[in-house]
Amino acid sequence: MAGDDKQRHAKYAEVQDVATALGRSIDQDGTEGRQMQYWLDKAERKVRSRVPLLDEWASQDPAYQDTVKDVLVSAVERKALNPEGLRSVMTQVDDGNIQQTIDSTRSTGEIIILDEEWEQLLRIDNTGRNSIQAQMDPVYVPLPSYPYA
């Protein structure tokens with residue numbers, strides 16, 4: 001960005017929203033807070049790239065604005081819970097091993113918007129998927145009979 005331009009921050013979610021979701025305190029000005037802000041900004045840029053009417057829809061519908069916030073916070077929360085993208089963790093304690101497999105939605109190490117979240121953001125209705133919609137026949141209007149009597 002240009003030197004005197006301020007960096008654009010995420011409009012719909014804040015670092016404190018992520019802190020609440022994670023259940024811990026995050027200093028917004030600290031290293032972790034700046035990292036969370038960067039991830040929120042990145043998540044919102046991803047959403048804006050696929051939802052060009054984001055601001056318009058959010059300004060018209062407070063429930064949609066809450067959905068956007070939820071999606072952004074969830075994406076950053078997934079990243080924060082597994083920033084390296086580990087798929088499996090093994091811990092050795094004395095003579096025993098503990099192995100954990102991490103949920104695949106949290107194992108990419110990237111900011112990911114899940115398919116279900118895209119459906120909410122793009123306002124896709126799934127109820128009619130894989131179903132056939134019967135079309136009604138058009139209204140039949142008889143033509144006048146010729147010759148006129």
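Me: Before we start, what does "buried" mean here?
Reply: Buried means under 20% relative accessible area. Keep in mind that this is a predicted model.

Me: Okay. Are tryptophan 57 and tyrosine 64 buried or exposed?
Reply: Both tryptophan 57 and tyrosine 64 are buried.

Me: How many aromatic pairs does a search of the whole structure find?
Reply: One aromatic pair turns up. Tryptophan 57 and tyrosine 64 form that pair.

Me: Which charged end sits over the ring of tyrosine 64?
Reply: That of arginine 123. The distance to the ring centre is 4.6 Å.

Me: And what lies over the face of tryptophan 118?
Reply: Arginine 50 does, at 4.1 Å from the ring centre.

Me: Let's zoom out. How many helices and strands are in the chain?
Reply: Five helices and two strands. Along the sequence the pattern reads α-α-α-α-β-β-α. So says the secondary structure of the model, which is predicted.

Me: How much of the chain counts as buried?
Reply: 29% of its 149 residues. The chain exposes about 10,900 Å². Carbon and sulfur atoms supply 49% of that area.

Me: What share of the contacts with a separation of 6 or more is between residues 24 or more positions apart?
Reply: 64% of them.

Me: Switching to helix α2. What span should its residues give?
Reply: Helix α2 covers residues 31-50, which is 20 residues. At 1.5 Å a residue, it should span 28 Å. Its end C-alpha atoms are 29 Å apart, so the two agree.

Me: Which residues in α2 are buried?
Reply: Among them are Gly33, Met36, Trp39, Leu40 and Val47. Gln37, Asp41 and Glu44 are buried too.

Me: What do the buried residues of α2 pack against?
Reply: Four helices: α1 (15-22), α3 (54-60), α4 and α5 (115-121).

Me: Last topic, valine 68. Where does it lie?
Reply: Valine 68 lies in helix α4, residues 62-81.

Me: Why does valine 68 count as buried?
Reply: Because its relative accessible area is 1%, and the cut-off for buried is under 20%.

Me: Which residues is valine 68 in contact with, leaving aside neighbours within four places in sequence?
Reply: Tyr12, Leu54 and Leu121.

Me: How far apart are valine 68 and lysine 11?
Reply: In sequence, 57 residues. In space, 9.9 Å from C-alpha to C-alpha.

How values were computed: Residues are numbered from 1 along each chain as its sequence is written. This is a predicted model: local features need pLDDT of at least 70, side-chain atom pairs count only at pLDDT 80 or more; totals for chains, interfaces and linings use all residues. Side-chain values use heavy atoms; hydrogens and water are left out. Buried means under 20% relative accessible area, exposed over 50%, partly exposed in between (1.4 Å probe, protein chains only). Contact means heavy atoms within 4.5 Å. Accessible areas come from the Shrake-Rupley method with a 1.4 Å probe; for residues, only the protein chains shown count as cover. The expected span of a helix is 1.5 Å times one less than its number of residues. Rings of Phe, Tyr and Trp (its six-membered ring) pair if their centres lie within 6.5 Å; planes under 30 degrees apart count as stacked, over 60 as edge-to-face and the rest as tilted. A charge sits over a ring if NZ of Lys or CZ of Arg is within 6 Å of the ring centre and within 35 degrees of the ring normal.
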